[in-house]
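I opened my notebook to look up charged pairs and aromatic rings. Here is what I wrote down, entry by entry.

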Amino acid sequence: MGVDRRQRASAALSLSCLSLIFSITAFSSSYWCEGTRKVAKPFCNDLPGGTHCIRFNSSGGNHSNVVQYIWETGDDKFVDRKFHAGIWYSCEEVISGEGEKCRSFISLTPPADRGVLWLSIAAELLYIILLLMGVTLMLIELCYSISILDGLKLSAFAAIFTVLAGLLGMVAHMMYTTVFQMTVNLGPEDWRPQTWDYGWSYCLAWGSFACSMASSVTTMNRYTKTILEFKYKQKKMERSLKVKCKSPDPEKVWKMYIDTIHSTTEDFMHHLTDVHTPVNPTAFAELSNIPLAQCEEYC
């Protein structure tokens, strides 16, 4: 039983550590959502040697007296610019060169939804803190030699912390999803994406939630199974003690009780007959030592 309990404790600890790593990575990254948005191509005279730009029909495009023709029409005048967004930042690639331009995601959200975003951030922080507390309790139980009862208490608290963490993480992820969708519809014009999808950070966040719930279920299962094993052993021990300490036959008990009373009354009558001529000077003293209950039974 001890080896099995330690294996289940190790499994719960591994799941909790994995959930903690996933949650911290997702919370600090900016790849919750990825997509593209259409941006008008700049003029090629502003980008010498550029490929994604609008070209003119002549090299003298800078002179105002020259008629200029733009061959790009429709969607050819636009270029798809990739972007990725997280809880803290939203970054998009720069067409004119290498690198990315990042902006705070909080400043992009509509003012009416910023309160929900701050609640999501607070729930994510509490989610990480509760996971850290659960991992700490599991480490204490697994690494230190403590009694089984103390280990059960630590398991119960660890399960409670991981369950609460999982629920907070689920609420936080759902709130961020709602805020992002509202920002896509009501955000700034120069940011709204045409196409977008969830990124690897979003998958990590929900993977962290799944690992935390699996860890809490494993911990509760370990706690419940240990309690049931102890109750079974306790009942088994009580049955064995009852068999060993089984009371004798009631008829034998009654016969022993009658014999005790008979011997007591004979001694009492012997002392009464020898009152005037007592052989033993302590006879009267022995009379006072007769139990009151026996005298009442004799009378």
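I began with a rule: a salt bridge is a side-chain nitrogen of Lys or Arg within 4 Å of a carboxyl oxygen of Asp or Glu.

I noted the ground rules next. This is a predicted model, where local features need pLDDT of at least 70 and side-chain atom pairs count only at pLDDT 80 or more, while totals for chains, interfaces and linings use all residues. Residues are numbered from 1 along each chain as its sequence is written, and side-chain values use heavy atoms, with hydrogens and water left out.

**Salt bridges.** How many salt bridges does a search of the whole structure find? I found four.

I looked up how open the residues of my opening pair are (buried is under 20% relative accessible area, exposed over 50%, partly exposed in between, with a 1.4 Å probe and protein chains only). R192 counts as partly exposed because its relative accessibility is 27%. E189 counts as exposed, at 63%.

I then checked R37 and E92, whose side chains meet in a salt bridge of 2.9 Å, N to O. R37 sits in strand β1 (residues 33–40) and E92 in strand β3 (residues 89–93), 55 residues apart. For such labels, helices (H or I, at least four residues) and strands (E, at least two) are DSSP runs, numbered from the N terminus. Are R37 and E92 buried or exposed? Both are buried.

D190 also forms a salt bridge, with R103, at 3.3 Å between the closest N and O atoms. This pair links the loop between α4 (148–186) and β5 (195–198), where D190 lies, to R103 in strand β4 (residues 100–104), 87 residues apart. D190 is partly exposed at 41% relative accessibility, and R103 is partly exposed at 23%.

**Aromatic rings.** Rings of Phe, Tyr and Trp (its six-membered ring) pair if their centres lie within 6.5 Å; planes under 30 degrees apart count as stacked, over 60 as edge-to-face and the rest as tilted. By this rule I count 15 aromatic pairs. One of them is F180 with W191, edge-to-face at 6.0 Å centre to centre and 80° between the planes. F180 belongs to helix α4, and W191 to the loop between α4 and β5, eleven residues apart. F180 is buried, at 0% relative accessible area, and W191 is buried at 1%.
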